[in-house]
Amino acid sequence: MASSFSTLDHVLPGRVHQPGSAGFRAACAGFDLAAIPAPQVVVTAASEADVAAAVRFAALQELPVAVRATGHGPVPGVDGGLLIDTRAMAAVSVDPVRRTATIGAGATWAPVLAACAPLGLAPLCGSAPGVGAVSYTLGGGLGPLGRRYGWSADRVRRLRVVTADGEPREVSAGREPELFWAVRGGGGNFGVTTALEIDLMPVPGLYGGGLYFPGEAAAELLAVFGRCTAGAPDELSLSIAFITFPDIEPVPAPLRGRFAAHLRVAHLGAPAAAEALIAPLRAVTAPLLDSVRPLPVTEIGTIHADPARPQPVSCGSSILPRWDEAAIGVLLSHVGAGVPHMLELRHQGGALARPATPANAVGHRGAQFTVFTSAYPGPGFAAAAARQGELHRQLRPWKIGRASCRERV
């Protein structure tokens, strides 16, 4: 096998890494420190041709293939196989006339936002700008602008995909329509997507941010959250997360060591209209911290304030079809200062519930809420992972599906 890898290195000089060689560890490393892959060989792809060569080589050697973009999600099924690292393929270009962006496989949302914002445009990105744009979109893409504009996958115009035969293909509604349906929301198992073209939305500005309340008000906050989301217009996206913050300096002083409820607000419209909609939530109790404000789209990541540094990740997701008091009771039983995981309830509906044109593989459009959990890193990480699994088991009577942790927010 070593001689075979030498052959691959001859085709892709300087871009093939084996365990112990320079570049191997960096090519395998990612955001999730609990899921570092262990392939036999890594190809650091700089172009679509590199990807095609790697896929053809893996087929000849009967090696499993996996892809790493930015590394936020785990990379399953590659132990002992070939890993294609696409992080160098990070080109971004914007066409302001057509209101589109073309994004390379390794690009994150941050440079896409930076290129679009001066034009008053925005992609349907996730809550964390450091997440990979392509992998996020292939998984469906549920973000802060979704209730107004739909899933990220709904706005894909075309893709470049290297399929299992090692052939690059142009994929669109008119060319390869079945593959076009499957890859938009069906994940990354249909080939290696090297680039995609997406529609951009008119977003000159946002009104949003976070309201951090004492976590002890969880029951009342959730009750009011249910009433507010029941009548929310599509322009308003809300979620609420229950978190125990560590007592460390990067955490804002009012939140250090506190159990808090973090209400996330994203509104496309006048600030006064947004404030009228969230007034019942503000009335529950005085916030510990208030960052809700007019903000440029480049600061969309401050709404959820997701972790940006690599850490161990263990998360889970359940889909709830509607507001149900018994299901909310289950959530409340898993909320508290001693609970070893973050718990978020996110409102869906609006444009997220409407069918895409042309249709795609995004499922659960009828769901009204997503429950997302993520275990806290630290000495009790394994126990925290098990504890959140129990929550999702208890939600089985209500949920209409289960999603694994992927680059979704």
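Visitor: Is F57 buried or exposed?

Guide: The relative accessible area of F57 is 9%. Buried means under 20%, exposed over 50% and partly exposed in between, with a 1.4 Å probe and protein chains only. The model is predicted: local features need pLDDT of at least 70, side-chain atom pairs count only at pLDDT 80 or more, and totals for chains, interfaces and linings use all residues. Residues are numbered from 1 along each chain as its sequence is written, and side-chain values use heavy atoms, without hydrogens and water. F57 is therefore buried.

Visitor: Which class describes the pair of F5 and F57?

Guide: Rings of Phe, Tyr and Trp (its six-membered ring) pair if their centres lie within 6.5 Å; planes under 30 degrees apart are stacked, over 60 edge-to-face, the rest tilted. The structure holds 4 such aromatic pairs. With centres 6.0 Å apart and planes at 45°, the F5 and F57 pair is tilted.

Visitor: How many residues apart in sequence are the parts that W109 and Y136 tie together?

Guide: This pair is edge-to-face, 5.8 Å centre to centre with 90° between the planes. W109 belongs to helix α4 (residues 109–116) and Y136 to helix α5 (residues 133–138); helices are DSSP runs (H or I, at least four residues), as are strands (E, at least two), numbered from the N terminus. The separation is thus 27 residues.

Visitor: Which residue has its charged end over the ring of F180?

Guide: A charge sits over a ring if NZ of Lys or CZ of Arg is within 6 Å of the ring centre and within 35 degrees of the ring normal. Here the distance to the centre of the F180 ring is 3.9 Å, and the residue is R184.
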